[in-house]
Amino acid sequence: MSETTKNNPLGTERVGSLMVKFAVPSIIAMLVGALYNIVDQLFIGQAVGTLGNAATNIAFPLSTSCIALALLFGIGGASNFNLAMGEGRKEEAASYAGNAAVLLIGSGLVLFLVTQLFLTPLLAFFGAPADVMPYAKVYVRITSIGFPCLILTAGGCHLIRADGSPKMSMVCNLIGAGINTVLDAIFVLGFRWGMAGAALATIIGQIVSAAVVIYYLAHYKTVHLGKKQLSVESRCAVNIMALGTASFFNQVAMMIVQIVLNKSLTHYGELSEYGAAIPLACAGIVTKVGQLFFSVIIGISQGTQPIESFNYGAKQFGRVREAYNLAVRAGAIISVVSFLIFQVFPGEILALFGTGSDAYFKFGIKFLRVYLFFTFVNFLQPITSTFFTSIGKPQKGTFLSLTRQIVFLLPLTLILPLFVGIDGIMYAAPVADCLAAVIAITMAVKEFREMKKLEA
């Protein structure tokens, strides 16, 4: 065991204790991030109604884009940082952290400019019907101002966690979410500012969170981040993007599926008894409720990242296996509980987001139950994808991250409605979930067999 490994708790402390230390704050941070969109939709549903809920669903691909960029540079930077620290390359680790921070801010500015310049074409491309477009434009024009702050916060929290401060990463998200929730109540319900009020509450919370992240990065514990580390180097940038690609593509895949889903719901909704707005609004609610569940699973997987990366770099393969197995067990418990909630209380969940017609609840209850049916196996794909990225095998992680969304869900969303109409859209998800889980467990078993050979 190297001196670096002996001095780092990631290589010596009990894996179960490390999982609690890193995963719990990560779960809370992910849940808080998901609540940004859900809180807005809760207040918008009460104050604006179905068209407002549909508008937030139309805007959702842009939020997904922010998270994709945050994971590309955040997880990529954190994974490289932990691998380098595990191998004793401290100066190189500092460069990865500094480069990742700059790339996070830069990508946020680019996305903000693109959104402002091409707002109407983007929303039309995302599937906005004519009656939803005005609400979506008001909301996105304001929320896009906060994109650099959202990306820095979501990605910077991975760098903070890699520095051994998981609780601080949680605090960064909690501050912004708390401010967003309070201001939503004031702006939307109190001042009656509608979509603009919800958007303003969101960006104010994001700005405060980003300020806290910047303060922490200026006082990084394990390494010093100076001007040299903050100057982007092509080699560091390439390595960061290589290890962040799996998580990035997973989010991009979600965005693509969301756009196709919106367009399909609009098209087949107009051909059904429900019209376009009801399916869009219900799907937006179901997607965000599902995101709450996935936030917990992704939080668990991200909590294992520094443990798996450091110990794989230190060649302590037994600890890598233990971390993965603990994540799978925790994910299974959360998934089964979530499945039961979704199946037993669909009407109650929909009612949280405002009132609606009988047709609204009829479609929404069926969509929620069917679309989220295989929730109880959905933990396998994200946990295993992050595992491959953490041990420095981004190609496998990237492939696995694309299985559910691109390989299965996207074509099924396009094909099944041709035969059974709008019902085909909801049946596409459980089929994709099941197939992705089978591939994930198959790849994990094979990898651990190879790891045992290395250990021997």
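Predicted model: local features only at pLDDT ≥ 70, side-chain atom pairs only at ≥ 80, totals over all residues.
User: Which secondary structure elements make up the chain, and how does its radius of gyration stand against the globule rule?

Analyst: The protein chain comes to 19 helices and 0 strands. Its radius of gyration is 21 Å, close to the 23 Å that the globule rule gives for 456 residues, so the chain is as compact as a globular protein of that length. Along the principal axes, the C-alpha trace spans about 65 × 45 × 35 Å.

User: What share of the contacts with a separation of 6 or more joins residues 24 or more positions apart?

Analyst: Among contacts in the protein chain with a separation of 6 or more, 83% are between residues 24 or more positions apart.

User: Where does Leu122 lie, and which residues does it touch beyond those up to four places away in sequence?

Analyst: Leu122 belongs to helix H6, which covers residues 119-125, and, once residues up to four places away in sequence are set aside, Leu122 touches Val114 and Thr115. Leu122 and Val420, in turn, are 298 residues apart in sequence, with their C-alpha atoms 29 Å apart in space.

User: How many charged side chains are there, and how far apart are the centres of the two sets?

Analyst: The protein chain has 30 positive and 21 negative side chains, and the centres of these two sets lie 5 Å apart.

Definitions and conventions
Residues numbered from 1 in each chain as written. Heavy atoms only, no water. Helix = DSSP H or I, 4+ residues; strand = E, 2+ residues; numbered from the N terminus. Contact = heavy atoms within 4.5 Å. Rg over C-alpha atoms; globule rule 2.2 N^0.38 Å. Lys, Arg positive; Asp, Glu negative; His and termini not counted. Charge placed at Lys NZ, Arg CZ, Asp CG, Glu CD.
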